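Biologist: I am new to this structure and would like a close look at a single part of it. Please take me through that part slowly, in one connected answer.

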Amino acid sequence: MRSLKTAALLAVAAMTLAACGSGGDAAEGDGKVKLRFSYWGSDARQKLTEQVIAAFEKKNPTIDVVGEFSDWPSYYESLATKVAANDAPDVMTLEIRGLAEYGGRGALADLAGKVNVADLDQQVLSTGNFDGKQYAIPTGVNVMGMIVNKAALDKAGEELPDDKTWTWDDYIKLSEKITKAGDGSTFGTEYTFNQVYLSMFAAQRGEKFYNNGKIGITPETIKAWWANFDQLIKTKGSPDAAKMAEIAAAGVEQSLIGTNKGVFGMWWSNQLGTLSKVSGSELTLLRLPKAEGASSHGMFLQPAMHWTASSKTEHPAEAQKFIDYLVNDPEAAGILLSDRGLPINSKVLAAVKDKLPPADQQSLTFVDSIKSELATAEVPPKGGSKMEDIVRRYSEAVTSGQQSADEAATKLLEEANAAIAG
Amino acid sequence: MVDSLSLKSEVAAPAPAPAPKRGRGRPRPSVRSRREGWAAYVFLIPWFLGLFLITIGPIVASLYLSFTDYSLLDEAKWVGLDNYVKMFTEDPRFWASLKVTTIYVVVSVPLQLGFALALALLLDRGLRGLSFYRSIYYLPSLLGGSVAIAILWRKIFGADGLVNAVLAIFGIQGTSYVNNPDTALSTLILLHVWTFGAPMVIFLAGLRQIPSSYYEAASIDGAGVVQQFKSVTLPLLTPIIFFNLVLEVIKSFQSFTQSFIVSNGTGGPSDSTLFYTLYLYSKGFKEYEMGYASAMAWVLVIIIAGLTGVNFLASKYWVFYGDDSK
Amino acid sequence: MATTVSSRNPVLYRRRVSRGAKHLMLIGFGLVMLYPLLWMISSSLKPEELIFREPGLIPSEFTFKNYTEGWTALAHPFGYYLWNSAVITALSVVGNLVACSLAAYSFARLNFPLKKLWFALMLGTIMLPFHVVIVPQYIVFSQLDMINTIWPLILPKFLAHDSFFIFLMVQFIRTLPRELDEAASIDGAGYWRTFFRVILPLCTPALATTAIFTFIWTWNDFFSQLLYLNNPDNFTVPVALRTFLDSSGESSWGPMFAMSIIALGPIFGFFLAGQKYLIRGMATTGLK
């Protein structure tokens, strides 16, 4: 029976192993409050964030902030897992689409009156409000606009359009001309199926994406939107559907503008810096083209991200203190600058304005110049996080000729309405 | 004992035992079998610990969740069979994903296994520098799940990729294969075939389990290379072929990473690469319907288990084990 | 393959030609297979701005900047992440080898009550998609207070959680003639000794396969390492590699490619070392 004894020993070893594990890191009795803070991004953001954390800890020696960092594609998966396991980080970074999902299910704490918001842009602040509760404080703002490569436009022998008056037809015709003027490797424009684009397009026609618990856009609007893409593809103002899908999937740096192969493109204002850098060209921000006879461009201020606190946190005071520091302390803004959007705190902004990189100063000037025209972002209802996927999917099917626009528009609205009904 | 190997016989049972020796010099069967039973369970202690400590709980939990409406962010609510009913009656994307996955499995598994077996045979013996080739041919599999794969695949099958560069020589202008709904799935099938390293290695290891004396015996009997392959290699490799088949079917049905990376997690363009688990994943983690995702998971388990069961039943007719001492 | 030796020249000649053809084929085909890897190596040696602008494989400008920058770009030098990965991977390999071979021997060779049930259950556990057990599994490890330690990553290996390898070894053990065990048993060996002295040595290829695959899969496993090792100080290679990328902004492709190549080093090395054992099967152990 010697064989059995050895095997049993092994088993015991395995069990002690398990036991060891459970006793592993429990003791950390340095009397500090441990605050867990989750965010996503790349190594550059991680470094900035670690600096901010260090600066905060210096001011608040009794708090130990532990950053939990992940890349974007896996962020919500790991965050949702932790929340589901009742192990939510105390301070969480979300974006506007996550607000209703998390806030509407009781995962977030109401920050109204807990964080000083006196100096914040009140209009933008309202995008952190859901169901009458201030679940989130915006980290900063972006605007989606039309980015133009001026030099390439000159080369094609065209003039910068007057962005106050230009229409979608102007934009499509101009794109066609630019492609024709080139040698076939450059295009007039690239396009995106971003849901935000559709929202703005609809707003020009006086329709809201979300309207009283329903989708407020009409099939006609969606079809008009798709017709623009079809026109662009047909006139070669943009690449064909498959190639465009490939470019869109490849990201900012390999976009047409980023590689100097396109003149127009719709991007967030905070991407201007990256685009300028990778293309090495001087880029300009313009207002979106308008629908014929529209009164506004439909553009709006979008919060880049949201700071939120878990409703289950054991350290609400410390969590609030940290968020307060992030939005109100010029020291924090001096480190983060525009990494999480253009600051919305007027005092902070004044203090760091000159330190912003040139591209962000350019965005800031642009935003300031059109401020009075800008609306506020809509807070998507619960189920709103499905919308991006729905819009993209049907748009792909229509532009690649797999589905008729009529059928797709009806189905899109059906699916979108079902998504927010539940 | 290898002497008894008969190459001429059509029934290729490789090592028929020369008369079982049960009972000689042994305790009585009942005592022996009881002792054997005990020993077996002792050997299985780590596995049982794992099963009850970390495996069974989550599995049962997911089964329970499949009958609930569960968003991950708040409490699960019991809804009975709702998820299953909804899946079968009102979710076209469920069927779309099942179709995509089935095509993927049916095409890519035989291709990949055939490819892996052919290369394993080629790289087994009889050529100098084989260890070098083996390593080279394994390299693609090391890259299979890497984030770089999306870019690399675009470099080959993209609008400005290698394939189109070659086609351009012949004056053909191609499109982007990765992002064309008609061809996107084919590029993922190729990606799967390309990462044939794992089954190849298993085949190689299996080939080495075949005693060389069998081949010697065969060649003395005058069997040529083809004959040797048919009567020695193939039958003796069947347990390994079977293993690869069962596992590749299971793994391919669960295929996730490659589509997730190449399509940016969308399963696009227009759902042409929406693998079953990718859809399940986006239901669970992007749309906050973990109850529904769990139900999808259990439907997949039933499909896979059914296929595996069929595989096992069929294996009685074509798989030969060295321990078949009947 | 060893056919009878012939001294006739045409045969030798023909064999040499066919060997040459085989080499040519293997090399040519290998190059096609390796194209993506070669592209990656070439890109890692280009200045970053040329990576997507220059289509060819041969860089017009050589630089090691991606390597030097990539190595130091993150919060820790890249070697730090390599070490973290190495620890987890080494322990995983040991765990899988020990636990899975024990279980496999039992399933392959011993008879015991409920064997079929357990075997089916063992196989069944690999059929459930990983994504629906993440949350409950996280709860288990969080109950055991193991979050932010390496235990959630290696404990499952020591408890034979990877049914793939159990099944793999079962299949290999079953290719071995049963007479071996019986002979050992006649010599008075118990189950433990039979397992250790007879079965294990003859299973070297299966053990090597297990070791190689465990190494590679653990080394490349991204999500569970991200999930259980929150703290950036515990980050491993696959997690660190992804931080080079930014889905909405500027990615560091050059350094990412460079570090990916470096990260391939250990797995490739392990494969090179392991394949020696991979081919040390019954065929070469002189079993007669």
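Biologist: Looking at the place where the two chains meet, which side chain of chain B meets A:Asp389 in a salt bridge?

Modeller: Please keep in mind that this is a predicted model. The partner you ask about is B:Arg93, whose side chain meets that of A:Asp389 in a salt bridge with a distance of 3.4 Å from N to O. On the side of chain A that touches chain B, at least two residues each come from the helices α1 (2-23), α3 (72-84), α4 (96-103), α10 (241-250) and α16 (387-399). Of the elements of chain A, α3(A) gives the most to this side, with 7 residues. Sorted by kind, the residues on the side of chain A that touches chain B divide into 18 nonpolar, 5 polar and 12 charged.

Stepping back to the interface as a whole, 35 residues of chain A are in contact with 35 residues of chain B. Between them the two chains bury about 3000 Å², and 60% of this area lies on carbon and sulfur atoms. Within chain A, the residues that lose the most area to chain B are A:Arg105, A:Glu246 and A:Lys386, which together account for 19% of what that side buries.

With β11 (residues 262-268) of chain A, β7(A) runs antiparallel and is joined by 5 bridges, and here A:Met146 has A:Met266 as its bridge partner. With β12 (residues 283-286) of chain A, β7(A) is again antiparallel, joined by 4 bridges, and A:Val148 stands opposite A:Thr284 of β12(A). With β13 (residues 300-303) of chain A, there are 3 bridges to β7(A), the two strands running antiparallel, and the bridge partner of A:Val143 in β13(A) is A:Leu301.

Conventions. Residues are numbered from 1 along each chain as its sequence is written. Chains are lettered from A and ligands numbered from 1 in the order in which they are written. This is a predicted model: local features need pLDDT of at least 70, side-chain atom pairs count only at pLDDT 80 or more; totals for chains, interfaces and linings use all residues. Side-chain values use heavy atoms; hydrogens and water are left out. Contact means heavy atoms within 4.5 Å. Buried area is the accessible area (1.4 Å probe) that two parts lose on being put together, summed over both. A salt bridge is a side-chain nitrogen of Lys or Arg within 4 Å of a carboxyl oxygen of Asp or Glu. Ala, Val, Leu, Ile, Met, Phe, Trp, Tyr, Cys and Pro count as nonpolar, Asp, Glu, Lys and Arg as charged, and the others, Gly among them, as polar. Two strands pair if DSSP finds at least two bridges between them.
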